[in-house]
Amino acid sequence: MEPDSSNLEEKRKELGRTDEPLEDELVEEFDNTVTEGAERLTRTWRALVITGLFGGIDVGVGILAYLAVKEATGSDLLAGAAFGFGLLALQLAHSELFTENFLVPIYAVVSRHSTWLQLGRFWTVTLLTNLLGGWLFTWFVVAGFPQFHDTLEKSARQYLEGGLTLESAALALLAGSTITLGTRMAQGSGSEVVHTFIALIDGLLVVGLGMLHGALNSAIIFGAMHAGADISYTDWLLWMLWVIPLNMVGGLVVITLPRLVRTLELIKNERAEQNRRHAEDGRVV
C-alpha cells in the first residue's frame with residue numbers, strides 16, 4: 001500500500017526543525033541564497049561596477065598563476081588547479097564572475113525579492129566589467145612577464161580554433177554548469193577550507209581540461225593580443241557570441257532549473273509572502 005503523501009509531509013514537519021516540507025538544510029540554504037541574491041541585485045551602480053571589475057582582476061591573478069605553473073611544469077591540470085587561486089580570490093573578496101551569477105540572483109527574482117530588470121542590469125554590467133578588468137590586468141601581465149607570451153598565444157589559439165562544433169559547444173555548456181555548480185556547493189558551506197577545495201577543483205576542471213568560458217578565456221585571449229598574437233577583436237567577438245549563450249544554458253538549464261524545481265514549495269511560499277507584504281504596502285505585483 002502506498003503511503004499517503006499528506007501523512008509523509010506531516011511526518012517530515014514533525015522530524016525537522018522547520019515546518020517546511022523539505023530538509024532543514026535545504027530550507028536554510030534557500031533562505032541564505034534568496035537573501036544574498038537580493039543584496040547583489042540591489043547594489044548601487046558604483047558597487048556593481050567595482051565588484052565586476054575586481055572579478056576580472058581576480059581572474060587575471062588566476063591566469064598569472066596558471067601561466068607560471070604551466071611554464072614550469074607543462075601540465076595543463078596543475079596549471080588549471082593553480083588558476084583556482086583566482087576563483088578563490090573571487091569568493092573571499094566578494095567579487096563577481098559572470099557565470100557565478102546564475103543560481104543566486106535567480107532565486108531572488110523568482111521569489112519576488114527583486115525584478116528581472118535588476119537581474120538584466122546585474123548580468124550586463126558584471127560581464128562587461130569582468131572583460132574590462134581582465135583586459136587591463138593581462139596588459140600588465142604581458143608587460144611584466146614576456147616569458148609567458150608564447151604560452152598565452154598557444155592557449156588563446158586553442159580556445160579560438162575550430163569554431164562552433166558539437167565538441168566546442170559541449171565544452172562551453174560544461175564550463176557554465178561547472179562554475180555554477182561550484183557556486184551552489186560553496187553556498188551550502190561556511191567553511192573556507194571547503195571553499196578553497198571547490199575553487200581548486202573548478203580551476204582544474206574548467207581551465208585544466210580546456211573548457212570554454214566566456215569571461216575566463218577572454219582574459220587569456222586579451223593577453224595573447226597584448227603580446228602581439230595575430231588575433232583581432234572581431235575574432236574574439238565572434239567567438240564570444242556563441243560561447244556566452246552556451247555558458248548560460250549550462251548554468252541556467254543544467255544546474256539552476258533543477259534546483260528551482262527541487263525547492264518549488266519554498267519558492268511558492270516566499271512568493272505568497274512577498275505578495276502579502278506588497279498588498280499591505282498598497283503595491284501591485
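**Salt bridges in the predicted model**

R40 and E96 are joined through their side chains by a salt bridge, with N and O 3.3 Å apart; the term denotes a side-chain nitrogen of Lys or Arg within 4 Å of a carboxyl oxygen of Asp or Glu. This pair links distant parts of the chain, since R40 belongs to helix α2 and E96 to the loop between α4 (76-93) and α5 (103-110), 56 residues apart. Helices are DSSP runs (H or I, at least four residues), numbered from the N terminus. R40 and E96 are both buried, meaning under 20% relative accessible area, where exposed is over 50% and partly exposed in between (1.4 Å probe, protein chains only).

The model is predicted, so local features need pLDDT of at least 70 and side-chain atom pairs pLDDT 80 or more, whereas totals for chains, interfaces and linings use all residues. Residues are numbered from 1 along each chain as its sequence is written, and side-chain values use heavy atoms, without hydrogens and water. pLDDT is the predictor's confidence in each residue, from 0 to 100; its mean for the protein is 86, with 89% of residues at 70 or more.

R40 also forms a salt bridge with E36, the closest N and O atoms lying 2.7 Å apart. Both residues are in helix α2 (residues 24-41), four residues apart, about one turn of the helix. E36 is partly exposed, at 23% relative accessibility.

In helix α12 (residues 264-280), R277 and E273 are likewise four residues apart, about one helical turn, and their side chains form a salt bridge (3.1 Å, N to O). R277 is partly exposed at 41% relative accessibility, as is E273 at 26%. Salt bridges with shared partners connect E36, R40, R43 and E96 into one network. The whole structure contains seven salt bridges.

Conventions. Helix = DSSP H or I, 4+ residues; strand = E, 2+ residues; numbered from the N terminus.
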